[in-house]
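Visitor: I am new to this structure and would like to learn how to read it, feature by feature. Could you take me through it slowly?

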Amino acid sequence: MMQKIQLPNSPHCPKCKKLLDGVALPGMDPNNMTPMTPFPGCVNICCYCTQIMIFTADMGLAYPTQEELRTVKADRALWRKIMLYQAQVRHFWKAKRHRDN
Ligand SMILES: [Zn+2]
């Protein structure tokens, strides 16, 4: 089952400007194995354009800094998850376009 978390505010993707008010497939809290609510500094991927973003202090979304992007890429397991998720999102939208035409 896909876990979803509703975000307290309504941030928009800095790239495609779409509203991103929910988080799918959040990380799991290792203490109680419940979906983790994102916090400032967490990585997020736009489910429309696959842009990598970072949650800001006020839980908005911003492009990662070069330093943040380096840190994310240095975590090989996390980077693999991001690449996989981006591929799944691209596949989803491609299949949807195909269906809708
Ligand atoms: Zn986007």
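Visitor: In which sense do strand S4 and S5 pair, and over how many bridges?

Guide: This is a predicted model, and in it strand S4, residues 52–55, pairs with S5 in the antiparallel sense over two bridges. To see a pairing residue by residue, one looks for bridge partners, and here Ile-54 has Ala-62 in S5 as its bridge partner.

Visitor: What is the order of the strands in the open sheet, and which are its edge strands?

Guide: The open sheet has three strands in the order S3-S4-S5, and their pairing is antiparallel. The edge strands are S3 (43–45) and S5 (61–62), each of which pairs on one side only.

Visitor: How should I read the loops, and where does Met-59 lie?

Guide: A loop is read by asking where a residue sits and what its backbone does, and Met-59 has its place in the loop between S4 and S5, with a positive phi near 65° in a residue other than glycine. Met-59 counts as partly exposed because 16 other C-beta atoms lie within 10 Å, which falls between the cut-offs of 12 or fewer for exposed and 20 or more for buried.

Visitor: Is Lys-17 buried or exposed?

Guide: Lys-17 has 11 C-beta neighbours inside 10 Å and therefore counts as exposed. Lys-17 lies in the loop between strand S1 (4–6) and S2, and although Lys-17 is not a glycine, its phi is positive, at about 65°.

Visitor: Where is Cys-47, and what separates the C-alpha atoms of Cys-47 and Phe-92?

Guide: Cys-47 is found in the loop between S3 and S4, and with 19 C-beta neighbours inside 10 Å it counts as partly exposed. The C-alpha atoms of Cys-47 and Phe-92 are separated by 9.6 Å, while the two residues are 45 residues apart along the chain.

Visitor: How many residues does helix H2 have, and why does it lie largely in the open?

Guide: Helix H2, residues 76–100, has 25 residues and reaches 36 Å from its first C-alpha to its last, close to the 36 Å expected at 1.5 Å a residue. The number of buried residues among the 25 of H2 is zero, so this helix lies largely in the open.

Conventions. Residues numbered from 1 in each chain as written. Predicted model: local features only at pLDDT ≥ 70, side-chain atom pairs only at ≥ 80, totals over all residues. Helix = DSSP H or I, 4+ residues; strand = E, 2+ residues; numbered from the N terminus. Expected span 1.5 Å × (residues − 1). Pairing = 2+ DSSP bridges.
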